[in-house]
Amino acid sequence: MIEFHADDYGLLPVQSRHIIDCYYNGALNGISIMPNSPYLKECMDAISDIKKDLAITVHLNFVAGQPLTGKKARKLIDKDGNFNIGFVKLLLISYLPVVRVSYSKQIRREIRAQLQACAPYMNDGVFRIDGHVHYHMLPIVFDALMAELRLLDVPVSYIRFPKEELSIYRKSFEFIRDIKPINVVKSLVLNALVKRNIKKHERALENLKLEKSLFMGIMLSGHMFYNNVKECLPYAEDLAREKGIENIELLFHPGDVSEEDEIFRLTAKSDIDFLSENSHNREKEAEALIEFGR
């Protein structure tokens with residue numbers, strides 16, 4: 001099965017409608033929801049009649065907006081109370097034993113709050129989990145997540161491991177456009193973090209009996225356009241068959257933020273750049289999902 005997945009649902013109302021239009025008019029069959037968004041309930045109520053048709057996933061968020069645990073997450077926020085902790089900083093803290101302890105406590109507390117906030121929206125009470133800007137793959141965050149899952153003892157069917165199979169892009173390289181050097185770097189870093197996390201938590205992950213899925217979405221991040229994905233998909237399907245993997249997750253970001261009022265509400269520079277200033281690319285990814293649904 002191919003999961004045509006969109007991240008960031010529930011971040012903002014109009015932006016979320018842009019995402020869900022890709023279900024009504026296209027191939028969208030999975031969404032990740034923003035646990036700490038003040039608009040989450042409103043946006044989930046809007047899709048109550050189709051929720052069962054979608055793979056609903058918790059989008060653990062340490063990037064945008066304010067933590068659900070407020071000032072208890074003081075090491076993760078700025079003076080305005082918004083998340084303001086960089087990926088590289090948290091990566092470095094992951095390997096600083098003394099500093100790591102205090103950060104880990106706050107991260108665990110926030111993960112617990114975010115999982116609990118999303119619990120009412122999980123289909124059949126079963127959790128699927130990923131992370132905004134893939135922060136969930138940072139060692140300090142992933143270790144905290146696994147600790148909280150043991151504590152909460154909730155059913156989990158899927159955790160996104162954003163490991164790109166680079167052979168797919170080598171084989172289709174002459175036919176695709178828009179692979180940026182920064183995305184190659186991101187893929188290599190995330191591939192290394194995925195390997196670390198799976199190795200460290202191998203037994204616990206085996207006990208969870210998670211669904212396996214071939215992932216695509218980092219190498220073409222920001223440019224998951226129809227022609228690009230169409231050229232890669234046959235190679236991805238061949239590789240999945242070779243590996244005995246039944247599912248492929250294709251990650252899109254079709255939720256452009258183009259309303260002035262919503263642009264004003266974005267707190268993370270990365271979201272402003274990706275969702276608003278590059279809104280044309282978000283629209284093209286929405287067009288891709290619509291084209292795949294034809």
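Guide: What follows is a set of questions about labels and the values behind them. This is a predicted model, in which local features need pLDDT of at least 70, side-chain atom pairs count only at pLDDT 80 or more, and totals for chains, interfaces and linings use all residues. Residues are numbered from 1 along each chain as its sequence is written, and side-chain values use heavy atoms, with hydrogens and water left out.

Visitor: How do you know that the chain agrees with a compact globule?
Guide: The radius of gyration is taken over C-alpha atoms, and the globule rule is 2.2 Å times the number of residues to the power 0.38. For 294 residues a compact globule would have a value near 19 Å; the chain has 18 Å, so the two agree.

Visitor: Why is histidine 136 called buried?
Guide: Buried means under 20% relative accessible area, exposed over 50%, and partly exposed in between (1.4 Å probe, protein chains only). Histidine 136 has 1%, so histidine 136 is buried. This residue is found in the loop between strand 4 (127–131) and helix 5 (139–152).

Visitor: Why is aspartate 238 called partly exposed?
Guide: Its relative accessibility is 37%, so aspartate 238 falls in the partly exposed class. Aspartate 238 is found in helix 9 (residues 226–243).

Visitor: What makes the pairing of aspartate 238 with arginine 241 a polar contact?
Guide: A polar contact is a pair of N or O atoms within 3.5 Å; within protein, one must be able to donate a hydrogen and the other to accept it, and residues adjacent in sequence count only if both atoms are side-chain atoms. The side chains of aspartate 238 and arginine 241 are joined by such a contact of 2.4 Å.

Visitor: Is arginine 282 buried or exposed?
Guide: Arginine 282 has 1% relative accessibility and therefore counts as buried. Arginine 282 is found in helix 12 (residues 279–292). Its side chain reaches the backbone oxygen of phenylalanine 274 at 2.8 Å, and makes a polar contact with the side chain of glutamate 285 (2.9 Å).

How values were computed
Helices (H or I, at least four residues) and strands (E, at least two) are DSSP runs, numbered from the N terminus.
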